[in-house]
Amino acid sequence: TARVIRGVKIGPSPAWLARRLQTLGIALVNNVVDATNYVMMECGQPLHAFDLDRLAGGAIEVRQATPGEKFVAINHREYELDAGTCVIADGERAVALAGVMGGADTEVEEQTVNILLESADFAPLSVRNTARRLSLHSPSSYRFERGVDPEGVDWASRRCAALIVELAGGEVVDGVADVSSGEAERPEIKLRFDQ
C-alpha cells in the first residue's frame, strides 16, 4: 500500500517517542522516520517513508533490479545489485531495497514537505537473500525474513499516517494505492488429539 501525506514539518520527535525508541535501541532520526520505526516496533510491520517530491514521476513500483544496477542506501554506501534483486523504484532508479533498506536519494530530511508512506509484505526468502548477499541487515529485514502478517499491512499504514500527522502536521490525501493480491491463503493447521 502507499499513502500520501502533504504539508508535514520535519523536526525532532517528542520526548515520549524518543524515550521509547531509545529504550529499544532504535536511533532517532526525525519525527516522520521515528513514527515509522515506532509503528514497526508496535505491531511488527515495517514501513518506509519516501520524500514524495524526490521521487521521479511521483510514484513507486516494485520490480527486479537490472544486472549491475547501482543503489545508494540510507547508510550512504553504494551497492551493486544482482539481477532479480527485489527493489522499489521510481521512474528512473531503485529507491529502496524491498524489505531491507531505503535509499539516500529519497530519504526524509529537514526540507521534506510531502511524504509517500509505503507498507508491504515481501517474500521472506527474497529479503533474506538480499540482506545476506549485501551484508545489509536492518530491523525491517529481520521482521520480513520471519514473515509479517499480511492483514496488518494496511492497519500499520493507517496507524503510521495518523501518527505522522500528530507529530509532524500535514494532511493525509484521500485514498490509498493498494496492489495486494487479495486475501492471503492461510495454511491448514492439523491437530492430533493423541498428542
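**Cores, pocket and backbone of a predicted chain**

Leu81 is in contact with Ala65, Thr66, Pro67, Gly68, Glu69, Phe71, Val87, Leu97 and Leu134, leaving aside neighbours within four places in sequence. Contact here means heavy atoms within 4.5 Å. The model is predicted: local features need pLDDT of at least 70, side-chain atom pairs count only at pLDDT 80 or more, and totals for chains, interfaces and linings use all residues. Residues are numbered from 1 along each chain as its sequence is written, and side-chain values use heavy atoms, with hydrogens and water left out.

Leu81 also belongs to the largest nonpolar core, which holds 28 residues. A nonpolar core is a set of buried Ala, Val, Leu, Ile, Met, Phe, Trp, Tyr and Cys residues joined through side-chain atoms within 4.5 Å. Buried means under 20% relative accessible area, exposed over 50%, and partly exposed in between (1.4 Å probe, protein chains only). Leu81, Leu97 and Phe122 touch the most other members of this core. Strand S6 (86-89), strand S7 and helix H3 (124-134) are the elements that give two or more residues to this core. S7 gives the most, with four residues. A second, separate core has 23 residues, including Leu17, Leu117, Ala161 and Leu163. In soluble globular proteins, nonpolar side chains tend to be buried together.

The chain has five helices and ten strands. These are DSSP runs numbered from the N terminus (helices H or I, at least four residues; strands E, at least two). The radius of gyration is 17 Å, close to the 16 Å that the globule rule gives for 195 residues, so the chain is as compact as a globular protein of that length. The radius is taken over C-alpha atoms, and the rule is 2.2 Å times the number of residues to the power 0.38. The C-alpha trace spans about 60 × 40 × 35 Å along its principal axes. Of the 195 residues, 46% are buried. Among contacts with a separation of 6 or more, 70% join residues 24 or more positions apart.

Ala35 lies in helix H2. Ala35 is buried, with a relative accessible area of 0%. Not counting residues up to four places away in sequence, Ala35 touches Leu17, Cys160, Leu163, Ile164 and Leu167. The C-alpha atoms of Ala35 and Val165 are separated by 9.8 Å, although these residues are 130 apart along the chain.

The second largest pocket contains about 620 Å³ of space. A pocket is an open set of points on a 1 Å grid over the protein atoms alone, where a 1.4 Å probe fits, with protein on both sides within 12 Å along at least five of seven lines; lining residues have an atom within 4 Å of a point. Of the 31 lining residues, Val33, Asn37, His48, Ile74 and Ser140 are the closest to the centre of the pocket. Helix H2 (31-43), strand S2 (47-51), strand S7 (94-97), strand S8 (101-102) and helix H4 (139-146) each give two or more residues to the lining. The lining divides into 21 nonpolar, eight polar and two charged residues.

Most residues other than glycine have a negative phi. His76, not a glycine, has a positive phi of about 65°. His76 is found in the loop between strand S4 (70-72) and strand S5 (78-80), and counts as exposed at 54% relative accessibility. Ser135 also has a positive phi, near 50°. Ser135 is found in the loop between H3 and H4, and counts as exposed at 57% relative accessibility.

How values were computed. Points joined across faces, edges and corners; volume = space filled by probe spheres on them. Nonpolar A, V, L, I, M, F, W, Y, C, P; charged D, E, K, R; others polar.
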